Amino acid sequence: MRDVLDDLVGWWQAGETVGMGTVVATWRSAPRPAGASMLVGPDGTAVGSVSGGCVEGAVYEEARDVVESGVPTLERYGVSDDDAFAVGLTCGGILDVFVESVSRESFPELGEVAGSVAAHEPVAVVTCVAGPEDRVGRRLVVWPDRSSGTLGLQRLDDAVADDARGMLAAGRTGMMHVGHDGERRGDDLSLFVNAFAPAARMVVFGAIDFAAAVARVGAFLGYRVTVCDARPVFATPKRFPDAHEVVVEWPHRYLQGEVDAGRIDERTVLCVLTHDPKFDVPLLEVALRLPVAYVGAMGSRRTHEERLVRLEEAGLSKEELARLSSPIGLDLGARTPEETAISIAAEVIAGRWGGSGERLTGTEGPIHRTADR
């Protein structure tokens, strides 16, 4: 819903009713992830996408019907459909799409949700997509310190809010199955948790030309990018226009300060491009002991071996050292800063989703993978 939120809020503020289809679950090679949404406006305008073009026509018609009837539906599209050629996914995937009407009456908290997203405040929208008729379409909005709306029962709301906060903290959108009263072993209700967590962070250490390219690619991938260097003459916003912030500080001090402030989490990507022992050794002492998604360091193989010796002398264990991606990036034959940035981004993506980094033409099995982080 994040991609279509501005349009949705505009119609909502005008008192209009909008049809919305949201991907709530996927299997195999479905082209869009859970949370992808498509709107059908009051004037018939279509905004957004749930499949990249495969089933948009079917969702469009379903959304118009739901606006007219007021009854939400959960639709499955894919190769298992009898009319797979007409509304199936040509890529062979399967997806579930929850189609509902959105208005001030049905979603009174939307304005607050939009405000939280704009302010980078974590918020999760929990919607009942399958279960008894009197529960389907009910919604609970969850913030770290409060909640609004109801799924129909206070005990259910309390149990779901706790679990939704856990998903929100991990930045994870997906399905939750609970019992009628919120029992975690039950499956009476299927709830879709759409987590609007602040963007994951990418911190790039070393204000060099490669850092500018990495910052550009990181921002393109949706990370909130920080460039940090202790040298004020190089660490300037003008040299890094794609970074969200440029910080002048010793790298290890800055990282430890961000950890202490609670601004580093398991989704964080750390790229160490300094390849200078006085910067990267104390920095990696901190970084490799953190539960982050990725720690990569630039340098030649000789630099890497020398760096490992220094880190071992600093007391890091073999398990901690094994978390270091160095030399940084995948073997793409990259030479320029831009090519190197693609190499680094490819390694980050592969680590996030469990990819092998091999050419797809030489592999078998599903193209799209699911990972916990």
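**A chat about a hairpin, a helix and a threonine**

Visitor: Which residue is the bridge partner of L140 in β8?
Guide: In β8, L140 has G149 as its bridge partner, and strands here are DSSP runs of E with at least two residues, while helices are runs of H or I with at least four, numbered from the N terminus. This is a predicted model, where local features need pLDDT of at least 70, side-chain atom pairs count only at pLDDT 80 or more, and totals for chains, interfaces and linings use all residues. Residues are numbered from 1 along each chain as its sequence is written, and side-chain values use heavy atoms, with hydrogens and water left out.

Visitor: How many bridges join β7 to β8?
Guide: Strand β7 (residues 139-142) and strand β8 (residues 147-150) run antiparallel and are joined by 4 bridges, where pairing asks for at least two bridges found by DSSP; a hairpin of 4 residues leads from β7 to β8.

Visitor: New topic: which residues of α11 are buried?
Guide: Those buried, meaning under 20% relative accessible area with a 1.4 Å probe and protein chains only, are P337, T340, A341, S343, I344, A345, E347, V348 and A350. What covers the buried residues of α11 includes α6 (209-220), β14 (269-272), β15 (294-297) and β16 (324-325).

Visitor: And what follows α11?
Guide: After α11 comes G354, with a positive phi near 80°.

Visitor: Where is T73 found?
Guide: T73 lies in strand β4 (residues 73-78), and, leaving aside neighbours within four places in sequence, T73 is in contact with E62, V66, V97, F98 and V99, contact meaning heavy atoms within 4.5 Å.

Terms used: Buried means under 20% relative accessible area, exposed over 50%, partly exposed in between (1.4 Å probe, protein chains only).
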